[in-house]
Structure formats: C-alpha cells, structure tokens
Amino acid sequence: MKAMMQSKVGLMFVLVAFLVIVVVSSVSLKGGRIDLTENNLYTLSDGSKNIVQNLEQSVKLTLYFSDKATKELPAVRTYAQRVKELLQEYQSLSRGKIEFQVVDPAPFSEEEDAASAAGLQGVPAGLRGDEIYFGLVGESVAGGESSEAAAASGDPLNLAKNEEVIPFFQLDKEKFLEYDLTKLIFNLSQTEPPTLGIISGIPINGGFDYATRQNQPAWVVVQQMEDLFQLEWLSEDVTAIDDNIDILMLVHPNGLSDETLLAIDQFVLKGGRTLVFMDGLAETAQAGAPMMPAEASASDLGPLLQNWGLELVEGKVLGDYANSLVVSMRGNRSPVRHIGLVSLTPDSFASEDVLLAGLESINMSSVGILQPVESATTTVTPLIRSSDESNLLDASLFATLTSPETLLNDFSPSGERYILAARVSGKATTAFPDGIKVEDDAPDSENADAPVSDDVSETESSDEKPKITRTVSPDVTSADNINLIVIADTDILTDRLWVQVQEFFGQRIASPWADNAALLVNSLDNLSGNADLISVRSRGRFSRPFDRVDELRRQAEEKLLEQQKALQEQLAETDSRLAELEQVRGEDDKAILSEEQEQTVLKFQEERLKIRKQLRDVQHQLDQDIETLGRNLKLVNIFLVPLLLTVLALFARVWMRNRRLSVQH
Amino acid sequence: MNMTGIIFKREFQGYFATPLAYIFIVIFLVLSGIFTFYIGRFYDRGQADLAAFFNYLPWLYLILAPAVAMRLWSEERNSGTIELLMTLPVSTSQAVIGKFLAAWGIMGIALGLTFPLWITVNYLGEPDNGVIFATYLGSWLMAGGFLAIGSCLSAATKSQVIAFVLTLVLCFVFVVSGFPMVQDFFSEWAPLWLLDGLSTLSILSHFDAISRGVIDLRDLVYFAAMIGCWLIATVIVINMKKAD
C-alpha cells in the first residue's frame, strides 16, 4: 500500500478508480435526490401518483429516442435522460400496470418505420442530417389483449383509440413534462373521454370570415379541449340537451330562444355541470359585424343567469388600472396603457380554489362585471376579482375606440373589487315555473289560405300564418345542488390574448404566454370531476418578472400621465389665446398689432414651443426611473463589495502595522 | 485540534498575510458583476433568476481556481519550505487536505461575497430561492473540483506559472468534455458508451444538473470522487517527489 502511494502505479490506480466510481454511480445511483425547486418540479406530484396508482388498464409506453444519431447533441441527450428517468419513476409507482421500454430507431430500420407510423416526428438534426426521433407512444392494453393484437387483427380503429402519442419532446416544454406524461397516461387509462357540449355565439370552431373572405382555423382552445374531451357542437336553437353530454359549455349566449333556454335550465337542474362565458362586450362578435349595436355584443341568457343568482352589469365593462396591459400601437406611436385589456395575476385569484392553483396570468379584454343577486338561493363564490384600482366603463366607449389612452381621461378608481368570474353552487329552481309557450307553424294542409308559394319578400303575409301555440313545462322544477362556473369574458378564449401559433416542421405549434387555456381546461376538468389531473397542471412558472421594475413603470406612467394632461391643457389654452389674437388681426386686415400685442404673440409662441418640448421630454422620461434603478444596481453589484473590501483591507493593514510598531517599541 | 485543522488555519491566514487573497476576491467579484450585467444582461432580461450569473461562473472559475491553487505546493517546493513542512509531525495527506480546505474556503468566501446579487434578485422579483441555493452549492463543489486538480498539478511542479497553465488546461478539458465540439472530435470513431462516458465526466454537465435545483446523489458522488481522487493523487505525487 505504501509503495503504491509513492508510485505511478498508484496514480494509474486513482485514475481508474475515479472513472469507475463516476461511471458506475451514474448508472446505478438513480432516484436519490433532493428537489429544492419551489414547486418541486422534479418530484412526481400527488396528482400523478394518484392517477398512476389507480390505473385500471395496463399501459405500455415506448420511448423512441435516436441514441446514436444524437451523439452530438448533449442537450437533447440530457433531456432524454430526464424523460427516461421520469418514466421509470412512473413505472415503479404503477404496481406493474405500466410497461416501459426504450427503442433506438436507427435510420432505415424497422423501428424507425414503427416510430413514424405511430405519428412520431423525425427532426433532421442528427449526424449527416439523419432524422432524430424523441417521442413517446403509449398504448393501453385492455383486458389482456394488447392493441398490438388489435393491430395485427387489422382493426386500425381500435388501435387509434388506444394510442396516445407525444410526437417530439420539445426542450422548451420541460416544465410541463410531468403534466404531458401524466395526461398521456391518464388519457390511455380512460375508456372514453367525457363529452362536452358546446353552444357558441362566436366562431370559436373556425369558419368563414366575411371580413377577410377566408376560412379561419379553429381557435387553439378548441384543440386543447379536444385533447381531453369529446366535443359535440350544439346549434344555437337546440331544444333538448342529450343525456350523453357530461358538461355543457356556453360561449357568448345571445338571442337564444325560450326553448333553448329551457333546455339549458333543465340540463343544469338535472345536475349537468355547466361552464358559461358571458361578456359585457364580445369583441369577436363585434369584429364579425362592426355595425352591430353594442347590446348585441353583450351576452344574454334571459332569465337564467339571474335565476342562478348572478347578473351581468348592463352596458358596462371593466377598466382596471393596476392590472392593465401596455399595448403597442401601429406605426411609430409609442406603446400605451389599455385599461380595458387586463392581465390578472394570483393577487386577483381566489387562492383556495383548485381551478386557479399554479396559474400565473390570465388575460382578458373588455370584461363584463358579475354581481350576485341578493335574493338568490345559490351560493356565489368569486373566483377572479379585479384590483381595487378599477371602475366601470361604458361598453359603448369601445365601439369607436381608436386610442386606448382616451379611456384614461375620466377614469378614477372606485376602490371596489369587481367579480369577473364566479363559481355557483347550491339550491336553485327553474327559471320557467310556468313553462314556456312555443309557437309552431300549423301544418300546411290546415292552412289553405296562406300564400305558401308567394315571394319571400311578402313577410307581412307570412306573419299572418296561423300558429299553434303549445306550452312546454319543465320536467324538473328545482335542484338541491347545481354546479356552474361563470366567467364574464369571451375574449379570454381568443388566441390573441394567450397564445402564439407557429409553424414548426409543418405542424402548428402553440406556445402559450398566458394561462387562459389552463383556466378553461382546469374548469372543464374540475366540472368533469377530475381533480387529480388538475393538481398536476401548470407546475412550472413561465416567467418570474421583475415585479419592482413593473411597479416603477406603472408609477412613472401614472405620474407622467398627470403631467402630460396638465401640459396638454396648458397647450390648448395657449393655442386658443393665440388663435384669439390671430383672429383680431384677421378681422382687420390692415390692422397693425401694437408692439405689446406682438410681444404677447411672440411670448405665446415661445411658450407653445416650450410646452411641446416638455411634452416630448415627458415621453422620454418614461423609462428614466427604471434605467436609474438598473444603473444603481449595476454599480452596487459590481463595485460595492470590492470597495468595502478595499477599505477593510487597508484598515487591517494600517492596524497591523500600528500593532507591529507598538510591539517593537 | 488535529493537524489538518492546524494546517488549514495556517494556510488560511497565510492567504491574508499578503494581499493575494484580497486581490483574487476583488477581481472575481468585479468580473462576475461585469459578466452578469453586461454579458449576461441580467437587468435587461427582466427575469428573477441568477442564470446570467451562474452561466458564466464556470468560465470565471477556470481562471480563478488555478490561480488560487497554483501556490498550494509549487511555492513550498520552490522555496524549500516543503522540507520543513515534512519534518513536522504532519502526515502528507493531512497537509494536503488542510491546504486544500484553506483554498476551498477562500473560494467559498469569494462566492459568498456575491450575495448582493442574491439580495438584488429578491428585491426585484420573486426568484426560486431553492434553485439559487442549489446552484450556489453546485458552484462551490465545482470550485472544489478545480482546486483539487490544481492541488495535484501544483505538487508536480516547482513553477507556479506552469502549475497555473497545466491546471487551466486540464480544468478546461473537464469543462468542455460534454460540449458538442469535443464530442464531434470523438464521434467519428469512438463508440457510444465512450461518448456518454465523456459527457458524464464533464464538470459542466454535473453543474448544470445541480443548477436546475435538484441535488442528485450522482452529482454529489461525482464531485466527491473528483475532489477525493485528485487529492489522493496529490499525496502520491508529493510522496513520489519526496522519494526522488
């Protein structure tokens, strides 16, 4: 031993030992770790554990990863390692219900064919431009018969139903890795997704846009809902809602007939869960028909909403200074604050409700205001409230709005926090206790006089068509516990408020920048009674902005707005005085202004220039506080400690010398 | 107090007897500040994390750690004080560990003095302090790894400059071995397991793993092995030189 500690053999031995320890530990020591992240990003959440531990069907997961082709891509390899380990963790928790394997689809191999057949996406990034695969295929293995067998038996439909695929693990979606995996496993374990019935007054499922004369794709929220639910689009004149619908979603209901309203009323009373998007001003509805009067762009549910214990404040939308967004304007105009366009953060959320757990920001535009009805038998729990720097704005202001800053002109916060979304539960009775009267056209045979074949323009005569009136009474008149979520904005669903859609290798990739869709899916999940998946959703924080800088920006804007207003008033006054003087001159063409008057004109003109310059300066000063803070922080961080150290060192040196001197003497 | 402790104290105070430690620390702090704010654009990024700081830290250490480590043994050998040290009732390993800990302590102090940055980021927003803590720990472990390499190479040569340059080169190799450019070089002929092994050996990949906020046993083992093995190698080298 001693000899070894003195020789080159010893060195070699140490080197080998080092290599062995590192390599062996990297292979064998898995799972021993402490997760220090705030949201325990790297630990399976209870929701995932619950779902995995309660799997009824066996699930087979195949991770396709191009091991050889990614030789040169350490970032991808590291992420693949993480995916593999997380999947192994799922497997170990699943009590044998999850089967997991890793496959390396080499170019031109059978495995590669299998991967691309399963819907995986090859990305040409590997060695010599080889396609690399990094995706997951999950199959549910029902009743001992695997879907492979189903495939072999030539039943492609069966295969499709039991398969879930993540085409490519994108590196920037790492934060949502656990959710994506849990969702995949959850979807596989479900024999059938819940059915979601949708009645929408705005074209969320795409359609022909008359303004641009183009077919519009469905909104991204639809794609998100399709991932988890079976969607059933109901027409706006539906008279009965099928029993197979688990959840009903109403988007911007407007002008629904009594029959449809009764159908909705009955659905709710029978225990159907309902999600309602109302709006004080649905901008999408307005965009489709710009000449539409403001009332038509407000949602209307007849007597239903009131009956559920809520009302939408008529003709008003929210203006919220503290939560408002800054929007960039066309051309060279500087960005302006838009108090009708709000980004709500956890401060505005009911923190105890699972719907909003972990959500960071929800963007809404021209939001309606909900108010509980005093005589209501239901319980209304606010989910989202505005800040206390808000007030009501006339919805009509938005119809002709060209510059958002004008909204600020007469704006003063009322100090009240308005309800923007609420959960409704508890006792309720039907909104139509006496039933409704339905007018049907009398059959033609009994209606010989009617000019059936007449020109359509003769509406008057067709109005005189005899009708048969019948009364439809509600089947259910009351319920002990209804279950609704009402959100007072429909613009929340539009792509422009939460997501950026990009074309990526021929696919539409949606990168969310706000949690609007998460709120929607959370609500639907919650209503479908699936709490486990909710707890997994949205674990990571997208961004942790500098709150203080944002606050400074807001304060500066507030202060500058006042200054700007005062200066603009001054400018207007000066302009009008100047105009007066000019008028005097104009009236009497030849009149020569007295020297005093000339002086005044000059003075005013100078003042006018000065005010205009000040106004420009005000614009420039906007970011000054922020820049100053940045500069100060820079200085403190780079020089403060070194400076202190220098002082300390010098001090110590002097002190030591003095001591040495005093010892010598 | 055991011998390691005594050596540690002597060495640690030794750093402050000359302006050496002070200069190292000041340069480190100023450079890290400049890297964070100007190259990492910390303030402009507007994100409440310290990525702008930690991303450049390995490269900063690449210079600083060899500078701290170079005098560990070279100086003693050059001035002959190593003979004196060996006559004391101190075993070689105790001396090695004591000296290493002193240097590691200095690096720790330097790292700790970047605390205004941590205060700044908490003042500006709400960072994930768990992640920051883990990354600080990872940084200190990384510094330990570099120093252990430096300790061994410093023992192998009388010249501080040579010790510095060799340490820098070797640390650089350990940092970049997970990088695509290095992998490129090997990928032509090396088998896959070797490539993965190389990446596993890279200090940077383990530092990155910790800086996600997860302290993995494998990363701890890696750094422990790194420090332990290089220190043992230091002992062997000193013994070999003594035997010469």
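Me: I have read that helices here are DSSP runs of at least four residues and strands are runs of at least two. How much of residues 131-149 of chain B is helix, and how much is strand?

Reply: Please keep in mind that this is a predicted model. In it, residues 131-149 of chain B are 100% helix and 0% strand, with the end C-alpha atoms 27 Å apart. Residues 220-240 of chain B are likewise 100% helix and 0% strand, and there the end C-alpha atoms lie 30 Å apart.

Me: What does UniProt list for these parts of chain B?

Reply: An unreviewed UniProt entry lists them under "transmembrane region", together with residues 20-40, 52-74, 95-119 and 161-182 of chain B.

Me: How should I read the packing of two helices?

Reply: Two packed helices are described by the angle between their axes and by the distance between those axes. Take helix H8 (residues 92-112) and helix H10 (residues 129-156), both of chain B: their axes come within 10 Å and cross at roughly 140 degrees. H8(B) and H10(B) are therefore oblique to each other, as an angle has to be over 145 degrees to count as roughly antiparallel. Their crossing is right-handed.

Me: Which residues of H8(B) and H10(B) meet?

Reply: From H8(B), they include B:Phe100, B:Trp104 and B:Leu111; from H10(B), B:Tyr136, B:Trp140 and B:Leu147 are among them. By class, this contact has twelve nonpolar, four polar and no charged residues.

Me: Now to the two chains. How many residues of chain A are in contact with chain B?

Reply: There are 55 residues of chain A in contact with 62 of chain B. Between them the two chains bury about 5,400 Å², and carbon and sulfur atoms give 67% of that area. On the chain A side, A:Phe18, A:Lys71 and A:Phe546 supply 14% of the area buried against chain B, more than any other three residues.

Me: At roughly what angle do H18(A) and H9(B) cross?

Reply: Helix H18 (residues 624-664) of chain A and helix H9 (residues 115-124) of chain B cross at roughly 160 degrees, with axes that come within 10 Å. H18(A) and H9(B) are therefore roughly antiparallel. The crossing is right-handed. H18(A) makes the contact with A:Leu629, A:Leu633, A:Asn637 and A:Val641, while H9(B) brings B:Pro116, B:Leu117, B:Thr120, B:Tyr123 and B:Leu124. Seven of these residues are nonpolar, two are polar and none is charged.

Technical notes. Residues numbered from 1 in each chain as written. Chains lettered and ligands numbered in written order. Predicted model: local features only at pLDDT ≥ 70, side-chain atom pairs only at ≥ 80, totals over all residues. Heavy atoms only, no water. UniProt positions renumbered as here; feature names shortened; annotations may be inferred. Axes fitted to C-alpha atoms, helices over the stretch in contact; angles between N-to-C directions. Parallel < 35°, antiparallel > 145°, perpendicular 65-115°, else oblique. Left-handed = near helix turned anticlockwise from the far one by under 90°. Contact = heavy atoms within 4.5 Å. Nonpolar A, V, L, I, M, F, W, Y, C, P; charged D, E, K, R; others polar. Buried area = accessible area lost by both parts, 1.4 Å probe.
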